[in-house]
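Please read it with the structure open.

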Amino acid sequence: MAVDRTPVLKRCRSLQMDPTYLGIDKKSRRKLNRTNRKVSEYGLQLREKQKAKFIYGVLEKPFRNYYAMAERQRGLTGPNLMVILESRLDNVVFRLGFARTRKEARQIVDHKHVLVNGKQVNIPSYLVKAGDVIEIKEKHKGCQRYKDILEVTGGRLVVDWLDCDQENLKGTVKELPTREQIDVPVNDTLIVELYSK
């Protein structure tokens, strides 16, 4: 399995984004020294695509497949792409507060701790649908790991399109999110422009 091992804070600096979108509280004290270089239109488009890939932890080939899927759906391609990325199982586990970061959520799913509608799913890229019930397996609910996670994520607001029961480590997808409900700082129109060249 291919994994992006880039240092997170360094990558956040180069993409000019805040690490809190990844669930990381650290701040880098270093400044990005770019001596007034003008970024081309292509450079801006590429940065937005890299931002989306980095935030959701998706590599190039799956991202291209998501884009093709978004193009085939009804409506605008950009918002469709963001909704597909947001409805990945690892992202939903992160949004419910069962993991501190999306990388940790991916690991939790990989290690077979997650049930979707009562069935074990260990594919982080599994796309959830409206009405799906996501929960942590009964035998893992008492683990110290989840107590520590809930201490950190307890104060985090759960998004409107999810219903969460943190006591029982269980959540429901009320509906798929709209583009307005996705608070990720990515300009999807630039990604569409990049791929439509």
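Of the 197 residues in the chain, 42% are buried. The model is a predicted one. Its accessible surface is about 11,300 Å², and carbon and sulfur atoms account for 50% of that.

**Overall make-up**

- The chain holds eight helices and five strands.
- Read from the N terminus, the order of elements is α-α-α-α-α-α-β-β-β-α-β-β-α.
- Among contacts between residues at least 6 apart in sequence, 61% join residues at least 24 apart.

**Helix α2**

- With 16 residues at 1.5 Å a residue, α2 should span 22 Å, and the 23 Å between its end C-alpha atoms agrees with this.
- Its buried residues are Gln 45, Arg 47, Glu 48, Lys 49, Lys 51, Ala 52, Lys 53, Phe 54, Ile 55 and Tyr 56.
- These buried residues pack against six helices: α1 (8-15), α3 (60-72), α4 (77-86), α5, α6 and α8 (188-195).
- Gly 57 follows α2 and has a positive phi, near 65°.

**Helix α6**

- Helix α6 covers residues 102-110, and its buried residues are Arg 102, Glu 104, Ala 105, Ile 108 and Val 109.
- These residues lie on the same side of α6, because they cover an arc of only 155° around the axis.
- Their packing partners are α2 (41-56), α5 (89-95), β1 (114-116), β3 (133-136) and α7 (144-153).

**Helix α8**

- Asp 188, Leu 190, Ile 191, Leu 194 and Tyr 195 are buried in α8.
- An arc of only 155° around the axis takes them in, so they are on the same side of α8.
- The elements covering the buried residues of α8 include α2, α3 and α4.

**Nonpolar cores**

- In soluble globular proteins, nonpolar side chains tend to be buried together.
- The largest nonpolar core has 23 residues, of which Leu 89, Val 93, Val 114 and Ile 134 touch the most other members.
- Two or more residues of this core come from each of α5, α6, β1, β3 and α7.
- The element that gives the most to this core is α5, with four residues.
- Leaving aside residues up to four places away in sequence, Leu 89 touches Val 109, Val 114, Val 116, Val 121, Ile 123, Pro 124, Tyr 126, Val 128 and Ile 134.
- There is also a second, separate core of 22 residues, and Leu 15, Tyr 56, Val 58 and Val 83 are among them.

- Two aromatic pairs turn up in a search of the whole structure.
- One aromatic cluster is formed by Phe 63, Tyr 67 and Tyr 195.
- Arg 64 is located in helix α3.
- In sequence, Arg 64 and Tyr 195 are 131 residues apart, while their C-alpha atoms are 8.8 Å apart in space.

Note on methods:
Residues numbered from 1 in each chain as written. Predicted model: local features only at pLDDT ≥ 70, side-chain atom pairs only at ≥ 80, totals over all residues. Heavy atoms only, no water. Buried < 20%, exposed > 50% of the residue type's maximum accessible area, 1.4 Å probe, protein only. Arc of directions from axis to C-beta. Contact = heavy atoms within 4.5 Å. Core = buried A, V, L, I, M, F, W, Y, C linked by side-chain atoms within 4.5 Å. Phe/Tyr/Trp six-rings, centres within 6.5 Å; stacked < 30°, edge-to-face > 60°. Expected span 1.5 Å × (residues − 1). Areas by Shrake-Rupley, 256 points an atom, 1.4 Å probe, with all protein chains shown as cover.
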